[in-house]
Amino acid sequence: MMTPTDLQAYLHDHIPISAAMHVRVLATEPDSITLQAPLAPNINHRETVFGGSASAVAILAAWSLVHLRLKCEGLESRVVIQHNCMDYLAPISDDFTARSYLVDQDAWASFTRLLARRGRARILVAAALETDGVIAGRLEGEFVAFSNAGLR
């Protein structure tokens, strides 16, 4: 598994919005990725987190989980989001985290088999936004992986 420092460097180098939003990687676990973002660079006119920033951090956490798990299994691929739904449950008026997880842990094996066999596969990933011990938002997204072998 990639270290939090390595993932953070990767995100900042390859997804520049993550650096602009001051996203930090707190944890890289086999079943979840936890990102943190401060209020200041993500603030809106109401002195809470801008909804687009909240969504972006949640998507980054979910995307990172798929990216790292595939990398750990030696399945070089390109991962993109195809569809997502974001629920905003409470205003975020402080620093916040996004913790990603697979919607269905059992789906991973069939996802990787399909990717290896057909060069493309989809999986549902979720992320929970939290601030001050409160779940402030939830994301569910469908991510598509494309085998690098099929993309030239």
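Tutor: We begin with a definition needed for packing: contact means heavy atoms within 4.5 Å. Angles between axes run from 0 to 180 degrees between N-to-C directions. Keep in mind that this is a predicted model.

Student: With that in hand, how does H1 lie relative to E1 and E2?

Tutor: H1 lies across both strands, and its direction is at about 125 degrees to that of E1.

Student: Which strands does H3 touch?

Tutor: H3 packs on the sheet and touches E1, E2, E3, E4, E5 (120–131) and E6 (134–147). Its direction makes about 140 degrees with that of E3.

Student: Let us step back to the whole chain. How many helices and strands does the protein have?

Tutor: There are four helices and six strands. Read from the N terminus, the elements run α-α-β-β-α-β-β-α-β-β. The radius of gyration is 15 Å, close to the 15 Å that the globule rule gives for 152 residues, so the protein is as compact as a globular protein of that length. The C-alpha atoms fill a box of roughly 50 × 30 × 25 Å along the principal axes.

Student: What share of the residues counts as buried?

Tutor: Of the 152 residues, 43% do. As for contacts with a separation of 6 or more, 68% are accounted for by residues 24 or more positions apart.

Student: How should I read the sheet?

Tutor: The general idea is that strands of a sheet pair through backbone hydrogen bonds, either parallel or antiparallel. Here six strands form an open sheet in the order E1-E2-E4-E5-E6-E3, with antiparallel pairing.

Student: Which strands stand at the edges?

Tutor: E1 (24–29) and E3 (77–88) do. Each has a single partner strand, so one side of each is left without a neighbour in the sheet. On average, neighbouring strands of this sheet are turned by 20 degrees against each other, direction ignored.

Student: How many bridges pair E1 with E2?

Tutor: Five, in the antiparallel sense. The two strands form a hairpin with two residues between them. Within this pairing, Val25 stands opposite Leu35 in E2. On to the next pair in the order: E2 (residues 32–37) is joined to E4 (residues 96–102) by four bridges, and these strands also run antiparallel. Gln36 stands opposite Thr97 in E4.

Student: Now the side chains. How many aromatic pairs does the structure hold?

Tutor: Two. For the geometry, planes under 30 degrees apart count as stacked, over 60 as edge-to-face and the rest as tilted. Tyr10 and Trp63 are stacked, at 6.4 Å centre to centre with 10 degrees between the planes.

Student: Why does the pair of Tyr10 and Trp63 tie together separate parts of the sequence?

Tutor: Tyr10 lies in helix H1 (residues 4–14) and Trp63 in helix H3 (residues 51–72), so the parts that the pair ties together are 53 residues apart in sequence. Tyr10 is partly exposed at 25% relative accessible area, whereas Trp63 counts as buried at 13%.

Student: What about the pair of Trp108 and Phe111?

Tutor: That pair is tilted, with 5.0 Å centre to centre and 45 degrees between the planes. Trp108 and Phe111 are three residues apart in helix H4 (residues 107–118), a separation of about one helical turn. Trp108 is buried, with a relative accessible area of 5%, and Phe111 counts as buried at 3%.

Student: Which charged end sits over the ring of Trp108?

Tutor: That of Arg69, 4.3 Å from the ring centre.

Student: Last, the backbone. Where are His22 and Asp132 found?

Tutor: His22 is in the loop between helix H2 (16–20) and E1. Its phi is near 60 degrees, a positive value in a residue other than glycine. Asp132 lies in the loop between E5 and E6, and it too is not a glycine, yet has a positive phi of about 50 degrees.

Student: Are these residues buried or exposed?

Tutor: His22 counts as partly exposed at 46% relative accessibility. Asp132 counts as exposed at 61%, the cut-off for exposed being over 50%.

Conventions:
Residues are numbered from 1 along each chain as its sequence is written. This is a predicted model: local features need pLDDT of at least 70, side-chain atom pairs count only at pLDDT 80 or more; totals for chains, interfaces and linings use all residues. Side-chain values use heavy atoms; hydrogens and water are left out. Rings of Phe, Tyr and Trp (its six-membered ring) pair if their centres lie within 6.5 Å; planes under 30 degrees apart count as stacked, over 60 as edge-to-face and the rest as tilted. Buried means under 20% relative accessible area, exposed over 50%, partly exposed in between (1.4 Å probe, protein chains only). A charge sits over a ring if NZ of Lys or CZ of Arg is within 6 Å of the ring centre and within 35 degrees of the ring normal. Two strands pair if DSSP finds at least two bridges between them. The radius of gyration is taken over C-alpha atoms; the globule rule is 2.2 Å times the number of residues to the power 0.38.
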